[in-house]
Amino acid sequence: MLSNIRVVLVGTSHPGNIGSTARAMKTMGLSNLYLAEPRVEPDGQSIALAAGASDILRDVTIVDSLEAAIADCSLVIATSARSRTLDWPMLEPREAGEKLSVQATSGPVAIVFGRENHGLSNEELQKCNYHLAIPANPEYSSLNLAQAVQIICYETRVAHLALQNSGQEKQAEDYPLSEDLERFFVHLESTLSKTGFIIKNHPGQIMVKLRRLFTKAKVEAAEMNILRGILTSIDKKIDK
């Protein structure tokens, strides 16, 4: 199950952080590392700081976008400071670990970490089901990347062990895959543009708010297919 949990680093600029992340992952039994749009690739410094976790660096997957890194994931959690401008469903680290461990029983899931200097963009954050904030000391909340990875990997391992020891099976939620959800939002925006509800030159925040609405509603895969069917029926009427 732990192999289904993907750690995604976006726009990493320091090779040492990649190595330290690999070490943090391996100590907790995670091995699936993705680099999305990295500014650097693993090098000798990465291997040195991995301290025995060089196998994770050897098997690392490098992709050119966050979308590519999470396309086949049913649950995506982004690490982020709490934002007043982007009110998204929030989790504590323990809650995130529990959700990741349960959902990973049915397929790939991802925990996403942003750039060292400014984290994830709002557009990237909107592609995730939940946001996660580590409740650090508000007077000094400066965690480096590997420290943040270690905390979340630890909580995930604890949740995984608790799930194993309980002997109970918890049902994974029927989240649509990330790439299917993106297709739905593209379709929704296209249809709303055709009807005139979204004005091309003045789109405003409509799609951001609709993304938030459907994210909070936790639309299941079957429900999303119904919504796609509704949009298709509207498209056909408009085309006629």
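Because the model is predicted, local features need pLDDT of at least 70 and side-chain atom pairs count only at pLDDT 80 or more, while totals for chains, interfaces and linings use all residues. Residues are numbered from 1 along each chain as its sequence is written, and side-chain values use heavy atoms, with hydrogens and water left out.

Strand β2, residues 32–36, contains leucine 33, which is buried with a relative accessible area of 1%. Leaving aside neighbours within four places in sequence, leucine 33 is in contact (heavy atoms within 4.5 Å) with Val7, Leu9, Ile18, Thr21, Met25, Ile56, Leu57, Val60 and Thr61. The C-alpha atom of leucine 33 is separated by 37 Å from that of threonine 232, which is 199 residues apart from it along the chain.

Helix α8, residues 178–195, has 18 residues and reaches 26 Å from its first C-alpha to its last, close to the 26 Å expected at 1.5 Å a residue; the expected span is 1.5 Å times one less than the number of residues. The buried residues of α8 are Ser178, Leu181, Glu182, Phe184, Phe185, His187, Leu188, Thr191 and Leu192, and what covers them includes α4 (66–70), α9 and α10. Just after α8, glycine 196 takes a positive phi of about 90°. Being four residues apart in α8, glutamate 179 and arginine 183 are separated by about one helical turn; glutamate 179 is partly exposed at 33% relative accessible area, and arginine 183 is partly exposed at 45%.

By this rule the count comes to 13 salt bridges. Glutamate 67 forms one of them with lysine 127, with the closest N and O atoms 3.5 Å apart. Glutamate 67 lies in helix α4 and lysine 127 in the loop between α6 (122–125) and β7, so the pair ties together parts that are 60 residues apart in sequence. Glutamate 67 is partly exposed at 35% relative accessible area, whereas lysine 127 counts as buried at 12%. Glu67, Lys127, Glu182 and Arg211 are linked in a network of salt bridges. Arginine 211, found in helix α9 (residues 206–217), counts as buried at 11% relative accessibility, and, not counting residues up to four places away in sequence, arginine 211 touches Trp88, Gln126, Lys127, Glu182 and Phe185.

Elsewhere, the side chains of lysine 99 and glutamate 173 meet in a salt bridge at 3.8 Å, N to O. Lysine 99 lies in helix α5 (residues 93–103) and glutamate 173 in the loop between α7 (145–166) and α8, so the pair ties together parts that are 74 residues apart in sequence. Lysine 99 is partly exposed at 24% relative accessibility, and glutamate 173 is partly exposed at 35%.

On the surface, Ile226, Ile230, Ile234 and Ile238 form a nonpolar patch with about 320 Å² of accessible area together. Isoleucine 238 has its place in helix α10, residues 221–239, and is partly exposed at 35% relative accessible area. Patches are made of residues with over 30% relative accessible area and no salt bridge, like charges being joined within 9 Å and nonpolar side chains (Val, Leu, Ile, Met, Phe, Trp, Tyr) within 5 Å; accessible areas come from the Shrake-Rupley method with a 1.4 Å probe, and for residues only the protein chains shown count as cover.

Notes. A salt bridge is a side-chain nitrogen of Lys or Arg within 4 Å of a carboxyl oxygen of Asp or Glu. Helices (H or I, at least four residues) and strands (E, at least two) are DSSP runs, numbered from the N terminus. Buried means under 20% relative accessible area, exposed over 50%, partly exposed in between (1.4 Å probe, protein chains only).
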